[in-house]
Structure formats: C-alpha cells, structure tokens
Amino acid sequence: MLALITGASSGMGRDMARILSKMGYDLILVARRRERLLELKKELDTNVTVISMDLSIVQNNYKLYEKVKNKNIDILINNAGFGLFGEFVKTEIETELKMIDLNVVAYHILTKLFLQDFVRKDKGYILNVCSSAGFMAGPRMATYYATKNYITKLTMAINEELRVSKSHVVVSALCPGPVATEFNQVAHGTFAIREASSYEVAKYAIDKLMKKKMIIIPTFFMKLTLFFNRFAPYRLSLYIAYKIQMRKSR
C-alpha cells in the first residue's frame, strides 16, 4: 500500500503521514522543505520517499507525476496550499497568483493525472484538502476562498461522475474550519474562532475517506455553521464573513 501526500512537511499533511504510516502505508512525501520531510521520515515506521518540490511552479506538478506514475500509488492526498488575509485591492497580485497556482492549478493537474490512472485500475483514493471556505465567499480573504470554492466544487463534480459510472475510485473533499497549523503565520492573520487539532482532523479525514464520504466536515460546530449558511441571504453571509475576517487580520 502506497500513499502520496503533498504539503507533508507540516500541519495536516504531516499528521496524515503519521496516521497512514501507522496503518501500514508506505509513503511518498512532497513539500518544499526537505529538512522537515527528512525529520518526519525518521519517526515513521514504513518506507518513505522524500521529494523536495515547489508545486506552485506549474511544471513541477507534471514532473512529480512522471517521477512517481509507475509506483502503483493507492492514495493521493492534495494538501499543499496557503492563504492570504487582506482587502483584495491591497493584497499583492504576485502572491495571489502563486496561491492560485498552488491551491487550484496543482490540485487540478494532480487530480486529473492520478484519477485517469485510478479509473483504469478501477481503484484508488483521492483526498483534496479544501476548506469550509469552499462553500462561502470571503471578503478580506477573497482569493483564498475562491480557490477553495474551485477545488470543493471540482471534487464534488468528479465524485458524481464516478458514482454514475459505478467506478470504485473514491474522490473526497476535506472541508474543515480553522485548524491549528502554520496557516496563520503564512497568511499573516489569526482565526477568530477556536482551531481544531490538526491530528484529530487528519484522523477523521482518513477515516471518512476510507468510508467513501464525498464531503468531509470535521467538528459539529462547522457542520452546524455550514448548514445554517445555506439559508442565510447572501448579504448577511458576506457581512458576517467580513466581520470575522476583520477580527483575524494582523
């Protein structure tokens, strides 16, 4: 059994590596920070291959696939990504374009390429780490929310295509609320509500992935929040989101 995890050097990616290793999976861990990956490798009991690569460089995603496509991968976890706080008119466009390349383009490429292989074999799991932001618009985090909307809806559409075709391949979207990771430091902000444990979210996500759940939402609070958001007028939802992001910004 073999799993590939992007963004594996910290946060949920690192915790998913720990959990899958305990389940007996060999691992291919991908991230920019090679030192972090090597540290993680030392603590895992199964075979681990480390690949240091920046997936915000679009061509690297194709290179990664070519490097591992013959490894008989069973699970792909697209986890690499980052966010950015601030008003759209003020945030740096180069940072936003890099975010789109990592949060959207990398996920799209890797999901497409590995899915084609999985469908041919009629087996395999893909977990796209999305966000509760994937169901909302996010003033003061406009680009980040937009990227998560893209991946969440893409994953849902693929899931339905596979269901109708009676494929045994599973494609799921993990949509947590705030999680205790390095997200805040990178995004230059802080969450206004309590952050969930990264390890607990990772454990919940893998459990639900194996149970073929399409949308995976950890914590009762986020399930309740997203349920009521369905019925809120757009303006009210946007106003609440704006106020929450105001409290986040540094």
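A salt bridge is counted here where a side-chain nitrogen of Lys or Arg lies within 4 Å of a carboxyl oxygen of Asp or Glu. The structure is a predicted model, in which local features need pLDDT of at least 70 and side-chain atom pairs count only at pLDDT 80 or more, while totals for chains, interfaces and linings use all residues. Residues are numbered from 1 along each chain as its sequence is written, and side-chain values use heavy atoms, with hydrogens and water left out.

**Salt bridges**

A search of the whole structure gives 7 salt bridges, and the table lists some of them.

| Pair | Closest N to O distance |
|---|---|
| Glutamate 43 and arginine 18 | 2.8 Å |
| Lysine 211 and aspartate 207 | 3.3 Å |

Asp15, Arg18 and Glu43 belong to a network of linked salt bridges. Within helix H1 (residues 11-22), arginine 18 and aspartate 15 are 3 residues apart, and therefore separated by about one helical turn; helices here are DSSP runs of H or I with at least four residues, strands are runs of E with at least two, and both are numbered from the N terminus. Glutamate 43 makes its salt bridge to arginine 18, and because glutamate 43 lies in helix H2 (residues 34-43) while arginine 18 lies in helix H1, this pair ties together parts that are 25 residues apart in sequence.

The exposure of these residues is described by relative accessible area, where buried means under 20%, exposed over 50% and partly exposed in between, with a 1.4 Å probe and protein chains only. Aspartate 15 is buried because its relative accessibility is 6%, whereas arginine 18, at 22%, counts as partly exposed, and glutamate 43, at 43%, is also partly exposed. In the pair formed by lysine 211 and aspartate 207, lysine 211 counts as exposed at 56%, while aspartate 207 is partly exposed at 32%.

**Nonpolar residues inside and at the surface**

In soluble globular proteins, nonpolar side chains tend to be buried together. A nonpolar core is taken as a set of buried Ala, Val, Leu, Ile, Met, Phe, Trp, Tyr and Cys residues joined through side-chain atoms within 4.5 Å. The largest such core has 38 residues, of which Ile5, Met16, Leu20, Leu27, Leu29 and Leu174 touch the most other members. Apart from it lies another core, of 35 residues, which includes Val68, Leu76, Leu84 and Phe85.

At the surface, Ile93, Leu97 and Ile100 make up a nonpolar patch with about 250 Å² of accessible area together. Such patches join nonpolar side chains (Val, Leu, Ile, Met, Phe, Trp, Tyr) within 5 Å, or like charges within 9 Å, among residues with over 30% relative accessible area and no salt bridge; the areas come from the Shrake-Rupley method with a 1.4 Å probe, and for residues only the protein chains shown count as cover. Leucine 97 is part of helix H4 (residues 93-121) and, at 40% relative accessibility, counts as partly exposed.

**Positive phi angles in loops**

Asparagine 72 is not a glycine, although its phi is positive, at about 60 degrees. This residue sits in the loop between helix H3 (58-68) and strand S4 (75-78), and asparagine 72 is partly exposed, with 45% relative accessibility. Arginine 140, likewise a residue other than glycine, has a positive phi near 75 degrees; the loop that holds arginine 140 runs between strand S5 (125-129) and helix H5 (142-164), and arginine 140 counts as buried at 14% relative accessibility.
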